[in-house]
Amino acid sequence: APSKVQFKYKLEGIDEKWNGPTENRRIEYTNLPYGDYTLRVKASNNDNIWNEEGAQLSFTVLPHFFEALWFRISVVLFIVLLFWGFYTWRTYDIKKTNRILRKMNSELDRFVYSASHDLRGPLTSTMGIVNLAIKENDPEQNHQYFALIRKCTDKMNHFINELINYSKNKN
């Protein structure tokens, strides 16, 4: 009477004692960790006489790809390479920015030097003419001095307007 046959089973490494008895001819284990296992099964006949020796089946559950050592090493290596790549890129970017800033600073130094000399010339001439005009009491001569002062201040005004236009264009 096959319908009266009963089973006991035990999966070594998971079950500590025998499961059953049951009439089901199918058992399921889910989420087994990877490793080697042995399934042992005992059966009884319709007179309830048990086979104490039973049968066994050995099998191996392989690890998922993400549980494998090669995958873990690959992930660690990828993270290290990612950080190294970010560090290298950031260092390169900082060096590039520093080169640009140094170049701009050098250009600014040259510009300030040139502008200060271009402004100083007309200003020195104006101060000299003013000093002459103060010493001179002749109104006709002072009129010539004021014309020269006007000429020097026009040069400075022109140069300052060029600086303002340069600044606007640069922006």
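Predicted model: local features only at pLDDT ≥ 70, side-chain atom pairs only at ≥ 80, totals over all residues.
**Close-up views of aromatic rings and a nonpolar surface patch**

View 1. Searching the whole structure turns up five aromatic pairs. One of them brings together Trp 70 and Phe 71, whose ring centres are 6.0 Å apart and whose planes stand at 90 degrees, so this pair is edge-to-face; the cut-off for that label is an angle over 60 degrees.

**View 2. The cluster around Trp 70 and Phe 71.** Stepping back from that pair, we find Phe 65, Phe 66, Trp 70 and Phe 71 linked into a cluster by ring pairs. How exposed are its members Trp 70 and Phe 71? Trp 70 has a relative accessible area of 55% and is exposed, while Phe 71, at 25%, is partly exposed. Exposed here calls for over 50%.

**View 3. Lysines over tryptophan rings.** Two spots are worth a look here. Which residue lies over the face of Trp 50? That residue is Lys 8, at 4.7 Å from the ring centre. In the other spot, Lys 42 places its charged end over the ring of Trp 18, with 4.4 Å to the centre of that ring.

**View 4. A nonpolar patch on the surface.** Here Val 75, Phe 78, Ile 79, Leu 82 and Phe 83 come together as a surface patch of nonpolar residues. Together they have about 510 Å² of accessible area. Take Phe 78 as your landmark: this residue belongs to helix H1, which spans residues 69–135. Phe 78 counts as exposed because its relative accessibility is 53%, against a cut-off of over 50%.

Note on methods
Residues numbered from 1 in each chain as written. Heavy atoms only, no water. Phe/Tyr/Trp six-rings, centres within 6.5 Å; stacked < 30°, edge-to-face > 60°. Buried < 20%, exposed > 50% of the residue type's maximum accessible area, 1.4 Å probe, protein only. Lys NZ or Arg CZ within 6 Å of the ring centre and 35° of its normal. Patch = residues over 30% accessible without salt bridge, like charges linked within 9 Å, V, L, I, M, F, W, Y side chains within 5 Å. Areas by Shrake-Rupley, 256 points an atom, 1.4 Å probe, with all protein chains shown as cover. Salt bridge = Lys/Arg side-chain N within 4 Å of Asp/Glu carboxyl O. Helix = DSSP H or I, 4+ residues; strand = E, 2+ residues; numbered from the N terminus.
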